[in-house]
Amino acid sequence: MKITILGCGASMGTPMAGGFWGDCDPNNPKNNRTRSSILVQSETTNILVDATVELRTQLNRFNLKKLDGVLISHAHSDHINGIDDLKIISLQGDELMNVYGNFETLEEIDRRCPYIFRPKGDDLYFEFLKKKHIENYQKFRIGDIDIESFEQDHMTCSSLGFRFGRVAYSVDVVNINDRSMKVLEGIDIWIVDAGSYNKEETLTHANIQKVKKWVEHLKPKMTYITDLGTNMDYKTLCDELPPNIRPVYDGMEIDSEKI
Ligand SMILES: [Zn+2]
């Protein structure tokens, strides 16, 4: 299985609109970050996690023409505002593409963009995605990839984390309950939110100290931090973090067999 980091930026990206790089070195291409999203691939199956506002450019970068399903972690704008870009990909297939999320997330998307899931009634606009409700804790399968969802505390709402075999993705999370920790046990690779960097008090995103505590407990072989803000320079992070915790960058590929 291959994981591609399509984007690893915080909600505003790096640089933010207006060219604000913060503490990030503009000369390091690894600091150029679109909003957080990953692609999970086997030989035959492509799964997208989250539909960011940069989805079109993210998919075109990898010349990706087919998706077998889309998982949505939660309905915050930076994770769903590119959902219209899925229209052409979905309509290329024999059937409309499934979008998986918990009830709260999918109903919020439906409330904001009802045209996505049902025809408008004017015979001009037709639905192009199908809602697929999943529970906060559910095992399911897309193509030949097994997935397990688990609930995460994001303070303003709960988000879903996803486990794919021995790989897990936890974006936009500040606390993880015991049940979800159990789901994460035994992973080799963890891509996890550390968007609060080194602040002492965190509200909606985990910080590095918290990620280190989780890693101490779970002991994945490799942990990659994502949802990186403009205060998180790539090289500075590489220098600060232990070798088993690394920052990601847009376009990074992680081969689960090679860890
Ligand atoms: Zn969020």
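The structure is a predicted model, in which local features need pLDDT of at least 70, side-chain atom pairs count only at pLDDT 80 or more, and totals for chains, interfaces and linings use all residues. Residues are numbered from 1 along each chain as its sequence is written.

**Val-192**
- Val-192 sits in strand β11, residues 189-193 (helices, H or I of at least four residues, and strands, E of at least two, are DSSP runs numbered from the N terminus).
- Val-192 has 27 other C-beta atoms within 10 Å, so it is buried (buried means 20 or more other C-beta atoms within 10 Å, exposed 12 or fewer, partly exposed in between, with C-beta atoms placed from the backbone).
- Beyond residues up to four places away in sequence, Val-192 touches Ser-170, Ala-206, Val-211, Thr-223, Ile-225 and Thr-226 (contact means C-beta atoms, placed from the backbone, within 7 Å).

**The nonpolar core**
- The largest nonpolar core has 58 residues, and Ile-38, Ile-191 and Ile-225 are among those with the most contacts inside it (such a core is a set of buried Ala, Val, Leu, Ile, Met, Phe, Trp, Tyr and Cys residues joined through C-beta atoms within 7 Å).
- Strand β11 gives this core its largest share, 4 residues.
- Setting aside neighbours within four places in sequence, Ile-38 contacts residues including Ile-3, Val-49, Tyr-169 and Ile-191.

**Helix α4**
- Thr-105, Leu-106 and Ile-109 are buried in α4, residues 103-112.
- Cover for the buried residues of α4 includes α2 (77-80), β5 (97-101) and β6 (129-133).
- Phe-103 and Arg-111, on the other side of α4, are exposed.

Terms used
Contact = placed C-beta atoms within 7 Å.
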